[in-house]
Amino acid sequence: MGKEIERKFLVSDKSFESMAVSSTEIRQAYLSVTPDATVRIRIADDNAWLTVKSRNHGAVRGEWEYAVPVSDAREMMDACCGYTVSKRRYIVPYCGRNWEVDVFSGHLAGLIVAEIELQHEDEAISLPPFAGREVTGDGRYYNSCLSDPSSPLPPLI
């Protein structure tokens, strides 16, 4: 089983923009948003993936990801009722690590979240200047929860 170990932080300023080495437009939709198993379809550039994630245990959860044809991904997204997220992801190097900074658009405009993938849950990290309040484990900031247009936007800072 694959494991995802990540920490999430709200972004306190836009200094990440000048530090970024690349960015990608991402559109994703959720086929299942239950706490025990979220199922996501994502399109980024000319690639698409189907991802299954298990329930979080702190910063750790199971993750399985499979490449799918973009045409299939678009069809699956069309079948999803309202559970979509659009964002631009910036890759930002800091202290030898790559941070992913997601700038959300659409009904989530104004929300910016930074994530760092870890090798183990208690791994020490250096926080970049744009990292604000930590929201690891706060379900309001899971993309699967954010995808629901009827849910209120969580605090931005």
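Predicted model: local features only at pLDDT ≥ 70, side-chain atom pairs only at ≥ 80, totals over all residues.
1. The residues F9, F16, Y90, W99 and F130 make up one aromatic cluster. Rings of Phe, Tyr and Trp (for Trp, its six-membered ring) are taken to pair if their centres lie within 6.5 Å; a pair is stacked when the planes are under 30 degrees apart, edge-to-face when they are over 60, and tilted for the rest.

2. Residues are numbered from 1 along each chain as its sequence is written, and side-chain values use heavy atoms, with hydrogens and water left out.

3. The structure holds 4 aromatic pairs. One of them joins F16 and Y90 in an edge-to-face arrangement, with 5.3 Å from centre to centre and 70 degrees between the planes. Because F16 lies in helix α1 (residues 16-19) and Y90 in strand β6 (residues 84-94), the pair ties together parts that are 74 residues apart in sequence. Helices (H or I, at least four residues) and strands (E, at least two) are DSSP runs, numbered from the N terminus.

4. Are the members of this pair buried or exposed? F16 is buried, at a relative accessible area of 0%, and Y90 also counts as buried, at 17%. Buried means under 20% relative accessible area, exposed over 50%, and partly exposed in between (1.4 Å probe, protein chains only).

5. W99 and F130 form an edge-to-face pair, because their ring centres are 6.3 Å apart and their planes stand at 85 degrees. This pair links distant parts of the chain, 31 residues apart: W99 is in strand β7 (residues 97-104), and F130 is in the loop between β8 (112-117) and β9 (131-134). W99 is buried at 1% relative accessibility, and F130 is buried at 0%.

6. Y142 takes part in another kind of arrangement. The charged end of R61 sits over the ring of Y142, 5.7 Å from the ring centre; the rule requires NZ of Lys or CZ of Arg within 6 Å of the ring centre and within 35 degrees of the ring normal.

7. L31 belongs to strand β2 (residues 22-34) and is partly exposed, at 41%. Neighbours within four places in sequence aside, L31 is in contact (heavy atoms within 4.5 Å) with V39, L50, M76 and C80.

8. How many disulfides are there? The count is 0 disulfides, where a disulfide is a pair of cysteine sulfur atoms within 2.5 Å. As for individual cysteines, C95 is exposed at 54%, and C145 is partly exposed at 36%.
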